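I opened this notebook to keep a record of what I looked up, working from strand pairing to aromatic contacts.

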Amino acid sequence: MTMAYAIDEINKNPNLLQNVSLGYSLYDNCATLVIGFSAALSLASGREEQFLLQETCLGTTPVLGIVGDPISTFSIATSDVIGLFKLPMVSYFATCSCLSDRRRFPSFFRTIPSDAFQVHAMIQIMKHFGWTWAGLLVSDDDYGRHVARSFQSDLTESIGGCLAYSEILPWGDNPAELKRIVHLMKKSTARVVIVFAHLIHMIQLMEEVVRQNMTGLQWMASEAWTTATGLQTPRFMPYLGGTLGIAIRRGEISGLRDFLLKTSPDKSNNHRNRMVSQFWEYTFQCKFAPPPAGWVEAGGALCTGQEDLASVETEFLDVSNLRPEYNIYKAVYALAYALDDMLRCVPGRGPFSGQSCAALQTLEPWQLIHYLEKVNFTTTFGDQVSFDENGDALPIYDIINWQWLPDGKIHVQNVGVVKKSASKGEELTLDEENIFWSFVFKQPPQSKCSESCSPGSRMTRKKGQPVCCYDCVACSEGKYSNETDSMECSICPEDFWSSPRRDHCIPKETEFLSYQEPLGICLTTATLLGTCICAVVLGIFIHHRSTPMVRANNSELSFLLLASLKLCFLCSLLFIGRPRLWTCQLRHAAFGISFVLCISCILVKTMVVLAVFKASKPGGGASLKWFGAGLQRGTVVLLTSIQSVICTAWLVSSSPVPQKNTQYYNDKIVYECVVGSTVGFALLMGYIGLLAILSFLLAFMARNLPDSFNEAKLITFSMLIFCAVWVAFVPAYINSPGKYADAVEVFAILASSFGLLMALFGPKCYIILLRPERNTKKAIMGR
């Protein structure tokens with residue numbers, strides 16, 4: 001009746017198919033393949049090459065297209081044959097994705113989305129609610145089998161989900177198989193069940209569900225049964241309440257109800273309107289004459305054909321939920337618009353060979369297909385209708401929810417839309433506030449094979465289990481994951497480290513010998529203490545500069561030695577604090593030059609002691625005269641200059657630079673100075689060691705000279721301390737990481753400086769301050 005109304009509306013439209021009237025023939029396929037197939041074949045094969053335009057419409061009916069078949073399997077069989085004739089066939093209910101194969105079905109179109117999009121729509125809903133673990137039930141036909149093939153792969157690819165089970169519902173009465181399937185569903189941990197099947201399958205399945213009393217499932221319905229009133233009963237609703245379903249787009253067809261109200265049986269041609277007559281007898285509980293024997297005597301009424309259809313309640317007049325009917329309406333209009341576009345063709349501007357147009361009298365079906373592929377119109381309800389390269393319409397589905405109200409009433413509520421557009425792709429819109437959930441807390445259920453992995457962990461597959469069954473493994477150190485169900489842990493950037501919970505990265509701790517930490521404070525204090533002691537000793541020596549103790553063995557060298565020791569103490573401060581370019585360049589140069597200046601003074605002092613001893617022997621005065629004060633100063637300057645040249649060459653060729661070292665610790669950044677040139681550093685240290693050893697050997701040779709106060713003994717002892725400290729320093733420095741290497745070097749500087757200070761100047765200060773009676777030339781000379 002919807003098709004009849006659509007054609008009647010088109011024929012009355014002055015702007016569509018002017019001077020052409022459409023007619024139609026209706027066939028009932030009786031849900032049997034052979035009947036529908038035979039009807040389509042007769043339509044296609046009975047065509048004549050040409051027909052005459054005449055008002056009487058006598059002769060062979062010119063068939064331009066077929067609306068149907070509603071069943072996928074029947075459409076496949078019919079289209080295989082109809083496609084050979086290139087006769088356009090527009091289905092309003094066949095959803096099998098296989099029908100999108102244009103090479104096999106070149107003339108097939110449909111106004112209902114294919115199952116491929118319905119599968120995507122289901123997966124979009126599952127993704128929205130976080131359902132990754134579900135069961136799938138399908139019918140044993142092309143409709144179900146094609147869904148079963150694509151659902152698992154699409155589910156895994158789109159949301160990383162998987163199927164707990166996939167079962168085929170049997171045709172006919174097979175209680176043992178249904179019992180097995182329902183038992184499997186009860187054992188499964190999947191709380192979501194997706195069913196692509198027909199109404200008869202669902203009724204059989206629900207009978208077994210009721211018998212086993214299986215509740216607590218979230219059902220998802222395909223368009224084949226989502227609006228079936230046969231399941232929306234008080235017996236099934238305790239189990240099916242809250243069902244979410246994909247439904248054919250609901251539309252509104254204005255004027256359809258008024259058209260249906262005009263339906264009446266034609267008494268003069270009752271055999272032509274047998275379906276209407278049967279409907280009339282059923283609705284008004286009457287019989288047309290001649291009635292069955294005994295009908296009138298039993299009180300049965302005779303139908304007059306004048307009964308008022310508006311006075312009775314019948315689903316026939318309910319146009320509030322037009323779904324398949326709306327697709328039929330669009331299919332008829334698609335054929336009409338294609339024919340209209342063809343008739344508007346301007347000769348010489350046509351799309352066919354020689355820019356010709358198609359003629360109505362000699363119309364070839366493939367010519368109409370050309371225009372049908374380019375159809376693009378908008379229904380009065382506001383939906384756009386066009387076909388893609390596969391003959392599929394722009395997909396759009398309603399999402400409905402089965403609501404079981406507290407008063408026992410059943411309501412089917414539209415709660416969303418899923419559609420696909422050329423500009424925005426797939427879109428899902430859900431009104432969650434209006435969704436009814438048949439669970440205790442009135443919330444959507446959780447359906448996952450494994451619990452979600454929290455941030456800070458990653459998923460790892462369980463061996464032999466589906467992809468969505470996994471264990472959660474904490475991210476290793478230096479890696480993080482800040483999302484739920486992360487597949488991999490990301491590596492933190494170079495200067496960052498993973499937090500204790502491994503859910504984000506935090507800046508790495510920085511390590512260097514700081515002034516704020518206890519070790520740095522101790523070393524700084526020792527440095528300042530040594531510097532102050534040097535200053536005090538220097539003050540004592542200046543104050544007592546005229547005494548024999550100070551004047552003995554060149555007081556100028558003593559003052560220079562104290563100054564160099566003061567520099568040795570102070571240069572250790574360059575090793576404390578965050579390394580900078582200038583401190584890295586200055587620390588070793590200052591250290592090397594200060595110590596060479598210090599040891600040079602000691603070396604010259606030792607040489608002076610030996611020269612004095614030689615001068616005390618007969619004929620040895622020349623040696624003391626030769627090694628006078630000027631040569632002593634020159635020797636110190638020369639020896640120090642050599643170290644200065646080494647340092648300069650080192651800094652120019654390969655200067656020490658600050659570096660962030662991440663090799664010592666994974667979670668720390670160690671700021672250190674790299675020496676740049678190992679050769680330069682080795683020359684600097686080797687030169688200091690050479691002078692120290694030379695001083696020690698000379699002092700050792702002069703230790704037993706006959707003076708009462710023989711400074712060579714003090715020099716020997718001080719050089720022994722110095723060499724011991726620096727020999728111990730080398731392995732300790734090499735094996736100390738990060739700031740501890742700097743601490744070892746500072747300790748070595750301080751220890752050797754204190755050793756020199758106390759060994760060389762401790763006894764002298766003792767005599768100057770506490771034993772002044774020994775601070776005489778006679779006491780010093782041992783006389």
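The entries below concern a predicted model.

Entry on the sheet. I looked up the strand order and found an open sheet of three strands, β1-β2-β3, with parallel pairing. I noted that β1 (66-67) and β3 (108-110) stand at the edges with a single partner strand each, so one side of each has no neighbour in the sheet. Between β2 (residues 89-91) and β3 I found three bridges, and M89 stands opposite F108 in β3. I also found R102 over the face of F109, at 4.6 Å from the ring centre.

I looked for nonpolar patches and recorded one of about 290 Å², made by L41, L84 and F85. L41 belongs to helix α2 (residues 33-45) and counts as partly exposed because its relative accessibility is 31%, between the limits of 20% and 50%.

Entry on aromatic pairs. My count came to 27 aromatic pairs. I examined W131 and W437, whose ring centres are 6.2 Å apart and whose planes are at 90°, so that I list the pair as edge-to-face. W131 sits in the loop between α4 (115-129) and β4 (133-139), while W437 sits in the loop between β15 (425-430) and β16 (457-461), 306 residues apart. W131 is buried at 0% relative accessible area, and W437 is buried at 6%. I then turned to W280 and F284, with centres 4.9 Å apart and planes at 45°, which makes the pair tilted; both lie in helix α10 (residues 274-284), four residues apart, and both are buried. Finally, I noted one aromatic cluster formed by Y329, Y333, Y337 and F377.

Methods:
Residues are numbered from 1 along each chain as its sequence is written. This is a predicted model: local features need pLDDT of at least 70, side-chain atom pairs count only at pLDDT 80 or more; totals for chains, interfaces and linings use all residues. Side-chain values use heavy atoms; hydrogens and water are left out. Two strands pair if DSSP finds at least two bridges between them. Helices (H or I, at least four residues) and strands (E, at least two) are DSSP runs, numbered from the N terminus. Patches are made of residues with over 30% relative accessible area and no salt bridge: like charges are joined within 9 Å, nonpolar side chains (Val, Leu, Ile, Met, Phe, Trp, Tyr) within 5 Å. Accessible areas come from the Shrake-Rupley method with a 1.4 Å probe; for residues, only the protein chains shown count as cover. A salt bridge is a side-chain nitrogen of Lys or Arg within 4 Å of a carboxyl oxygen of Asp or Glu. Buried means under 20% relative accessible area, exposed over 50%, partly exposed in between (1.4 Å probe, protein chains only). Rings of Phe, Tyr and Trp (its six-membered ring) pair if their centres lie within 6.5 Å; planes under 30 degrees apart count as stacked, over 60 as edge-to-face and the rest as tilted. A charge sits over a ring if NZ of Lys or CZ of Arg is within 6 Å of the ring centre and within 35 degrees of the ring normal.
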